[in-house]
Amino acid sequence: MWSGGTIEVQPCEEPTNSRMNMLHYVYYHVFDKRHYLADFNEENLPKRVLDIGCGTGIWIHDVAKQWAAIGHKDVEFIGIDLVPIQTPMVKWSSRLC
Ligand SMILES: C[S@@+](CC[C@H](N)C(=O)[O-])C[C@H]1O[C@@H](n2cnc3c(N)ncnc32)[C@H](O)[C@@H]1O
């Protein structure tokens, strides 16, 4: 995260991870229950998604789940982060069947 001329690396510990996950849902509700602002319709959803600075991977998890629920399952999600704090499920596979 850019912070006044220095790079701030989040500590990899449970309080930080919980705070990041909570913020994910704060933004979700602030943006009217949307995980992204891109104007995709159900027919042209992406097949490959790159999440840079994915944190715990909660955004990938929720978007993969949301798209799978409407039948859009064949998606490759790639999340990268400086810190390996992703949950095991997201780390091993973001394809939900
Ligand atoms: C505020 S958290 C947001 C995490 C996630 N996107 C979310 O919404 O829950 C910012 C994340 O970016 C990561 N990060 C910061 N600089 C980065 C870089 N240069 N490359 C990859 N990840 C980076 C941090 O480790 C941290 O997990």
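Q: How many residues of α1 are buried?
A: Zero of its 17 residues, so α1 is hardly covered. Bear in mind that this is a predicted model.

Q: What about S18, buried or exposed?
A: S18, which sits in helix α1, is exposed, because there are 11 other C-beta atoms within 10 Å and the cut-off for exposed is 12 or fewer.

Q: What comes after α1?
A: D32 follows, with a positive phi near 60°, and D32 is not a glycine. D32 lies in the loop between α1 and β3. K33 is in that loop too, and K33 also has a positive phi of about 60° without being a glycine.

Q: OK, switching to α2. Which of its residues are buried?
A: I58, W59, I60, H61, V63, A64 and W67.

Q: How long is α2 from end to end?
A: α2 has 12 residues and reaches 16 Å from its first C-alpha to its last, close to the 16 Å expected at 1.5 Å a residue. Just after α2, G71 takes a positive phi of about 90°.

Q: Which residues make up the largest nonpolar core?
A: There are eight: C54, I58, W59, I60, V63, A64, W67 and F77. α2 gives the largest share of this core, six residues.

Q: Now the ligand. How many residues surround it?
A: 15 residues do, and the closest are M20, G53, G55, D81 and L82. The elements that give two or more residues to that shell are α1 (14-30) and α2 (58-69).

Q: What's the shell like by class?
A: It has 10 nonpolar, four polar and one charged residues.

Q: Let's zoom out. What's the pattern along the chain?
A: Read along the sequence, the protein chain goes β-β-α-β-α-β-α, which comes to three helices and four strands.

Q: How much of the chain is buried?
A: Buried residues make up 15% of the 97 residues in the protein chain.

Q: And what share of the contacts join residues at least 24 apart?
A: 72%, taken among contacts between residues at least 6 apart in sequence.

Q: Last topic, confidence. What does the chain average?
A: The protein chain averages a pLDDT of 84, and 78% of the residues score at least 70.

Q: Which elements have the lowest and the highest mean pLDDT?
A: Strand β1 (residues 2-3) has the lowest, at 54, and strand β3 (residues 48-52) the highest, at 96. Where pLDDT is low, the predicted coordinates should not be read in detail.

Key
Residues numbered from 1 in each chain as written. Predicted model: local features only at pLDDT ≥ 70, side-chain atom pairs only at ≥ 80, totals over all residues. Near = placed C-beta within 6 Å. Nonpolar A, V, L, I, M, F, W, Y, C, P; charged D, E, K, R; others polar. Expected span 1.5 Å × (residues − 1). Buried ≥ 20, exposed ≤ 12 C-beta atoms within 10 Å, placed from the backbone. Contact = placed C-beta atoms within 7 Å. pLDDT = per-residue confidence, 0-100. Core = buried A, V, L, I, M, F, W, Y, C linked by C-beta atoms within 7 Å.
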